[in-house]
Every structure is written in C-alpha cells, then in structure tokens.
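I began with the charged pairs.

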Amino acid sequence: MMNGSANGRVSTGSSLNTAGGGEKKEHLYKILVIGELGTGKTSIIKRYVHQFFSQHYRATIGVDFALKVLNWDADTLIRLQLWDIAGQERFGNMTRVYYKEAVGAFVVFDVTRASTFEAVTKWKNDLDSKVQLPDGSPVPCVLLANKCDQAKEGLVNNTSQMDDFCKEKGFIGWYETSAKENINIDEAARFLVTRILEKDRAMQLGDDDRDKDRVVLDKPAPGRPERKINCC
C-alpha cells in the first residue's frame, strides 16, 4: 500500500509484495510542467503518458494533471503526478497552491517563438520562490526546448550558450523536444526522475544521520539515572 497522499508529496518506505515474494518500493512524485501559453505543455504530457499527439488541444484553464506509472527497476515502482499549469496562471497567487509539495519540474518554451524563451527566467524564479525540497534546496528543474522539429529562433541554436544559461539559472539540464515527433520526451523525464531519486535518497540518509544524533543526545550520561517526567 502506498503511503503518499494525493498532493504528490514524496512517498518513501512504502512497499508491496511482488510475485517472487520480495518487496517493491513505491514512490509518488509530483512534477510540475510550467511555461508560457502555447508552448506545448499539454502535448508533452499526452505524449509521455499516453503516447498520443494531437494538433488540436484547448488551452488549459487553471491546472490539469495526469498519472504516469514507471516500473523503474526490479525493486522500485514510481508514480508520477504531472501537473499541467496553465500559462496564463503565471505568477498568480494560485500558483503557490499548485506548486505545493512538488519535487521536480519542467519549464517549457517554444523554439519557434523567442518570446517564450525570454519568459523562462521568470518562470524559474517564480518556481524557486514558491516551492523548495524539505532540505530547503530548489526542486530539480529541466528546461525543455519544445517543437524542435520546426525552425528555431534565438539562443537555442547555440548549444554552449544554452548550457551556460541553464547553469546560471539553476536548471539541472535541458533537452530539445518534440511532442509531435516524440523526440527526447522519455529521455528528459528519465533524467529528471533520476535526479529526484538521488535527492530523495540523500535526504533520507541525512534524516537517518540526524536520528542517530538525536539518539545519542537523548541517552543519559554513563552512571547517571534516566530522568522520567510525569505529566498530570
């Protein structure tokens, strides 16, 4: 049984019995998909989750989400909640609610419209100001240069400058993607989930170390009796 809640908080330590009798760890991760209106966020999600593409999507109003189940390895099952945040919701008060409990994000821009790339920094800053991991660090975020099957405008034509931009703005990486031609969608998602798992494990190890410290501090000094406090 999974310990995660519907809001997408990282679920750790849960398990289920596999056919071989062993236990399989389950994780529930909430991932945001954000960016300007018309950059292809919904198309990316539909391609990734359903292996489906359509030229005709109505604009997302508010927020929508989809579920992707990954048999990550023999011991791990991952459920991804992909939250599709409408472009017109940018910087509104509601985005704080939508971002809550997320552990990863994609920021999407359209390579055919340089103006959508110019908004990337604002989206990243908005994300970092409204959600952090439990250890206070930014959530891992990947930049997607979408619609790469079409003619490109701007910085995306220069790989080294894009690398520098991502490093400066705190993205863990970037991919040219096409939902229409199914280019790099799975690769980008696997890269992000790998980083989320790494952060998850690192935080668990940190919690274990703090627990050990607490145990040591709570033990009475040698030769001294343990104090007992009665509450009435």
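**Entry 1. Arg-79 and its partner**

I looked up the exposure of Arg-79 in this predicted model and found a relative accessible area of 24%, so Arg-79 is partly exposed. Which residue forms a salt bridge with Arg-79? I found Glu-26, with the closest N and O atoms 3.3 Å apart. I then placed both residues: Glu-26 belongs to strand β2 (residues 23-35) and Arg-79 to strand β4 (residues 76-85), so this pair ties together parts that are 53 residues apart in sequence. For Glu-26 I noted a relative accessible area of 5%, which means that Glu-26 is buried.

**Entry 2. Asp-110 and Lys-147**

I next took the salt bridge between Asp-110 and Lys-147, where the closest N and O atoms are 3.1 Å apart. Asp-110 is in strand β5 (residues 104-110), and Lys-147 is in the loop between β6 (141-146) and α5, so the pair ties together parts that are 37 residues apart in sequence. Is Asp-110 buried or exposed? I read a relative accessible area of 2%, so Asp-110 is buried. Lys-147, at 22% relative accessibility, counts as partly exposed. I also noted that Arg-113 is linked with Asp-110 and Lys-147 in a network of salt bridges.

**Entry 3. Asp-135 and Lys-199**

I then examined the salt bridge in which the side chains of Asp-135 and Lys-199 meet, at 4.0 Å from N to O. I located Asp-135 in the loop between α4 (120-130) and β6, and Lys-199 in helix α6 (residues 185-218), so the pair ties together parts that are 64 residues apart in sequence. Asp-135 counts as partly exposed at 46% relative accessibility. Lys-199 also counts as partly exposed, at 27%.

**Entry 4. A buried lysine without a salt bridge**

I turned to Lys-41, which I placed in helix α1 (residues 41-50). Lys-41 is buried yet has no salt bridge. Which side chain of opposite charge is nearest to Lys-41, and how far away is it? I found Asp-84, at 5.1 Å. I did find that the side chain of Lys-41 reaches the backbone oxygen of Gly-35, at 3.1 Å.

**Entry 5. Lysines over rings**

I looked for lysines placed over aromatic rings. The charged end of Lys-30 sits over the ring of Trp-83, and I noted 3.8 Å to the ring centre. I found Lys-68 over the face of Tyr-48, at 4.7 Å from the ring centre.

**Entry 6. Aromatic pairs**

How many aromatic pairs does the structure hold? I recorded five. One of these is formed by Phe-117 and Phe-165, whose ring centres are 4.8 Å apart; the planes stand at 45°, so I list the pair as tilted. Phe-117 lies in helix α3 (residues 114-118) and Phe-165 in helix α5 (residues 159-169), and the pair links distant parts of the chain, 48 residues apart. I noted both Phe-117 and Phe-165 as buried.

Phe-165 also pairs with Phe-171: the ring centres are 6.4 Å apart and the planes are at 25°, so I list this pair as stacked. Phe-171 is buried, as is Phe-165. I then asked which residues form one aromatic cluster. I found Phe-109, Phe-117, Phe-165 and Phe-171.

**Entry 7. Positive phi values**

Phi of Glu-101 is near 75°, a positive value in a residue other than glycine. I placed Glu-101 in the loop between α2 (94-99) and β5. With a relative accessible area of 15%, Glu-101 is buried.

Where does Asn-184 lie? I found Asn-184 in the loop between β7 (173-177) and α6. Its phi is near 65°, again positive in a residue other than glycine. At 25% relative accessibility, I recorded Asn-184 as partly exposed.

Technical notes:
Residues are numbered from 1 along each chain as its sequence is written. This is a predicted model: local features need pLDDT of at least 70, side-chain atom pairs count only at pLDDT 80 or more; totals for chains, interfaces and linings use all residues. Side-chain values use heavy atoms; hydrogens and water are left out. Helices (H or I, at least four residues) and strands (E, at least two) are DSSP runs, numbered from the N terminus. Buried means under 20% relative accessible area, exposed over 50%, partly exposed in between (1.4 Å probe, protein chains only). Lys and Arg count as positive and Asp and Glu as negative; His and the chain ends are not counted. A polar contact is a pair of N or O atoms within 3.5 Å; within protein, one must be able to donate a hydrogen and the other to accept it, and residues adjacent in sequence count only if both atoms are side-chain atoms. Rings of Phe, Tyr and Trp (its six-membered ring) pair if their centres lie within 6.5 Å; planes under 30 degrees apart count as stacked, over 60 as edge-to-face and the rest as tilted. A charge sits over a ring if NZ of Lys or CZ of Arg is within 6 Å of the ring centre and within 35 degrees of the ring normal.
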